[in-house]
Amino acid sequence: MTGYFIAGALLLAALTLVLLERWRTRQTIRRLDEMITAAMAGRFCEKDFDESRLSSLENRLAQYLTASTLSAGQIQQQKDQLSALISDIAHQTRTPTANLRLYSQLMGEQPLSPQARDCLQAITAQTEKLESLMEALVKTSRLEAGVLVLHPQCGPIGPVVERALAQYTAKASGKPLTLCAMGAEGTACFDAKWTEEALCILLDNAVKYTPAGGRVTVSVKNYELFSAICVCDTGPGIAEEEQARIFRRFYRAPAAYALPGVGIGLYLARQIAEKQGGYIKVKSRPGQGSSFLLYLPRESEPGSAFLN
């Protein structure tokens with residue numbers, strides 16, 4: 001009989017140890033969950049100062065978060081400084097480039113030799129290139145530093161497409177090539193001003209690379225979560241190995257060196273799309289044209305902030 005009592009006592013003790021260990025495990029998991037939640041909310045602080053493993057973990061997590069906060073602060077400070085520097089440079093170059101444009105116009109009104117006329121056209125083109133570069137750099141740096149803020153609102157995409165097309169109608173006619181919209185109906189949540197900026201970048205590239213007699217078409221495709229503005233051209237197309245590179249800052253494909261541009265437009269367009277919850281894709285094959293799709297979310301995320 002005594003043996004049964006001893007066996008029962010041992011079994012009870014073993015069960016108690018198992019339950020106690022399970023309780024400790026649950027407490028540890030609960031505390032870890034609290035620590036992670038607090039860290040994500042930015043209000044983490046150490047509570048226990050004993051020699052336990054959990055206390056040691058708290059201390060190490062606190063050290064990591066402190067280092068991460070300092071690193072993030074330093075990165076943001078560097079971005080702010082870079083943005084301010086680029087803005088200062090752009091401001092300082094504005095007057096010289098304006099003077100270059102003015103003197104070029106004055107020279108253009110004078111009788112010039114064919115060689116001098118060619119030099120004047122080159123000066124004018126380089127001045128415009130410098131102005132475009134500085135404008136793109138300022139916008140890009142402010143995007144990356146979070147200085148500019150997007151204000152997405154749900155609404156129709158059609159008006160944005162119409163305004164963007166109107167800006168390139170004359171340029172397309174002068175080439176000439178066909179520029180049109182087909183099925184631009186759709187809704188999304190986007191910042192109209194900056195989405196138009198991104199769409200104009202895609203249109204500018206399409207008109208630039210499409211040869212005379214070609215066609216550039218803009219359409220809208222509606223999906224469950226996104227609406228996509230599609231810019232399709234009949235240009236030379238892009239090789240598969242180049243498609244990921246063209247969105248890099250200052251990257252230009254070898255075949256594009258002879259054409260005007262600084263290689264920052266697509267990078268800026270992608271930044272605009274990403275900062276409002278969207279993205280850009282390209283579909284292309286050499287000799288078969290290209291399609292750039294600007295995806296915009298159809299619904300905004302509650303309580304989220306979109307930075308430009």
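Predicted model: local features only at pLDDT ≥ 70, side-chain atom pairs only at ≥ 80, totals over all residues.
**Ala188**

Ala188 lies in strand E3, which spans residues 187–190. Its relative accessible area is 1%. Ala188 therefore counts as buried, since the cut-off is under 20%. Glu299 sits 111 residues away from Ala188 along the chain, yet their C-alpha atoms are separated by 6.6 Å.

**The core**

The largest nonpolar core holds 39 residues. Those with the most contacts inside it are Val161, Leu199, Leu203, Ile229, Val231, Phe292 and Leu294. Strand E3 and the elements tabulated below each supply at least two residues of this core. Helix H5 gives the largest share, nine residues.

| Element | Type | Residues |
|---|---|---|
| H4 | helix | 158–174 |
| H5 | helix | 192–209 |
| E4 | strand | 215–222 |
| E5 | strand | 226–233 |
| H7 | helix | 265–275 |
| E6 | strand | 279–284 |
| E7 | strand | 290–297 |

What does Leu294 touch, not counting residues up to four places away in sequence? Its partners are Thr195, Ala198, Leu202, Ser227, Ala228, Ile229, Ala273, Tyr279 and Ile280.

**Helix H7**

Ala273, one of the residues touched by Leu294, is buried in H7. Leu266, Tyr267, Leu268, Ala269, Gln271 and Ile272 are also buried there. Gly277 follows H7 and has a positive phi, near 85°.

Technical notes
Residues numbered from 1 in each chain as written. Heavy atoms only, no water. Helix = DSSP H or I, 4+ residues; strand = E, 2+ residues; numbered from the N terminus. Buried < 20%, exposed > 50% of the residue type's maximum accessible area, 1.4 Å probe, protein only. Core = buried A, V, L, I, M, F, W, Y, C linked by side-chain atoms within 4.5 Å. Contact = heavy atoms within 4.5 Å.
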